[in-house]
Amino acid sequence: PTLASNSTDDVAVRLICYFDISGSIDNQEHQFQLEAMARAIESEDFKRAVFANGGPGSIAISVADFDDSAELRIPWLDIRDPEADDYKFAALANEIRGLQRRASGMTSQSRALVHSMTLFDNSPWGANKSIVDILTDGTINTAHNLLPEARDRLTREYEATINVLVTETTNDSNTRQWAEENLRTLPGHVRRDGTMLEPGFVKVVATQRTNSGGLSEYNRAMEAAFKRKLILEVAGIDIGDEAQLYLLTY
């Protein structure tokens, strides 16, 4: 809460970041998720994407996690001024690094989507662009029936774009295709102002293989993918040359 300003002005972008804490995510992978997100947010590349010419100029961020339930972990904070608010990038990154795992249940991306509507309803600020980010390594295995309606409501009522980062595992190798078809925001929705809502994207962070030495590659892949995703979302710039995706080989 101390990172949120008293401003009542809208921001350009609102972003909710959801981390998967289901049972298929081990504790080491959980820490890699947090560290990758933290490094991406405190990076100079992300700062420039927010404040450079063509960037949004202001952003609000909150962080949550999900398994078969979803919970807010870091409340909404706004970043508006490149000098006065510069400290917030590092402060938020340190908050993310300090998060303790709260559970390890089943996988329900639908719970995250339903939860995100509550977060948007309680956001102190409106925005022209609203985004829900979901990082996951598997398909849904509980509360399936909530997913289609939740995605539809986020599209129609909240005009929010759902993006997905996927880790493909040997146990669930069709996660990317499933997310493309069922989780991301589909193209074709016209916003109330007559413009097109940005469709969601699905990007593979890494592919798990059984070999030694893969954990460092996985960590690098996570960090690169998070940075790439954040910059693409807030500034529309794809830093593909910097964000090569690596195979996870462990």
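In α3, five residues are buried: K88, F89, L92, A93 and I96. They cover an arc of only 135° around the axis, so they sit on the same side of α3. These buried residues pack against α1, α2, β2 and β3. The model is predicted.

**The largest core**

The largest nonpolar core has 40 residues. M37, I41, F46, I59, I96 and F226 touch the most other members. Several elements each supply at least two residues, among them β1 (11–20), α1 (27–42), α2 (44–51) and β2 (59–66). The elements β3 (70–79), α3 (86–97), β4 (127–136) and α7 (214–235) also each supply at least two. Which element gives the most to this core? It is α7, with 9 residues. In soluble globular proteins, nonpolar side chains tend to be buried together.

I41 shows how the parts meet. Leaving aside its neighbours within four places in sequence, I41 is in contact with F46, F89, L92, I96 and L230. Of these contacts, F89, L92 and I96 are also among the buried residues of α3.

A second, separate core has 28 residues. I16, M117, W125 and A160 are included in it.

**Aromatic rings**

The structure holds 5 aromatic pairs. One of them joins F46 and F89 in an edge-to-face arrangement. The centres are 6.0 Å apart, and the planes make an angle of 85°. The pair links distant parts of the chain: F46 lies in helix α2 and F89 in helix α3, 43 residues apart. F46 and F89 belong to one aromatic cluster together with F51.

K203 lies over the face of F201, at 5.2 Å from the ring centre.

β2 is largely enclosed by the rest of the structure, because 8 of its 8 residues are buried. Both faces are covered. On one side stand I59, I61, V63 and D65; on the other stand A60, S62, A64 and F66. In a regular strand the side chains alternate between the two faces of the sheet.

How does β2 run beside β1, parallel or antiparallel? The two run parallel, joined by 8 bridges. β2 and β3, by contrast, run antiparallel, with 7 bridges. β2 and β3 form a hairpin with 3 residues between them. Two bridge partners can be named. D20 pairs with F66 in β2, and A60 pairs with D78 in β3.

**A buried loop residue**

I25 is found in the loop between β1 and α1. Is I25 buried or exposed? I25 is buried, with a relative accessible area of 2%. Not counting residues up to four places away in sequence, I25 touches D20, H30, Q33, R101 and D137. D137 is 112 residues from I25 along the chain, yet their C-alpha atoms are separated by 7.5 Å.

**Buried residues side by side**

| Residue | State | Relative accessible area |
|---|---|---|
| I25 | buried | 2% |

Definitions and conventions. Residues numbered from 1 in each chain as written. Predicted model: local features only at pLDDT ≥ 70, side-chain atom pairs only at ≥ 80, totals over all residues. Heavy atoms only, no water. Core = buried A, V, L, I, M, F, W, Y, C linked by side-chain atoms within 4.5 Å. Buried < 20%, exposed > 50% of the residue type's maximum accessible area, 1.4 Å probe, protein only. Helix = DSSP H or I, 4+ residues; strand = E, 2+ residues; numbered from the N terminus. Contact = heavy atoms within 4.5 Å. Arc of directions from axis to C-beta. Phe/Tyr/Trp six-rings, centres within 6.5 Å; stacked < 30°, edge-to-face > 60°. Lys NZ or Arg CZ within 6 Å of the ring centre and 35° of its normal. Pairing = 2+ DSSP bridges.
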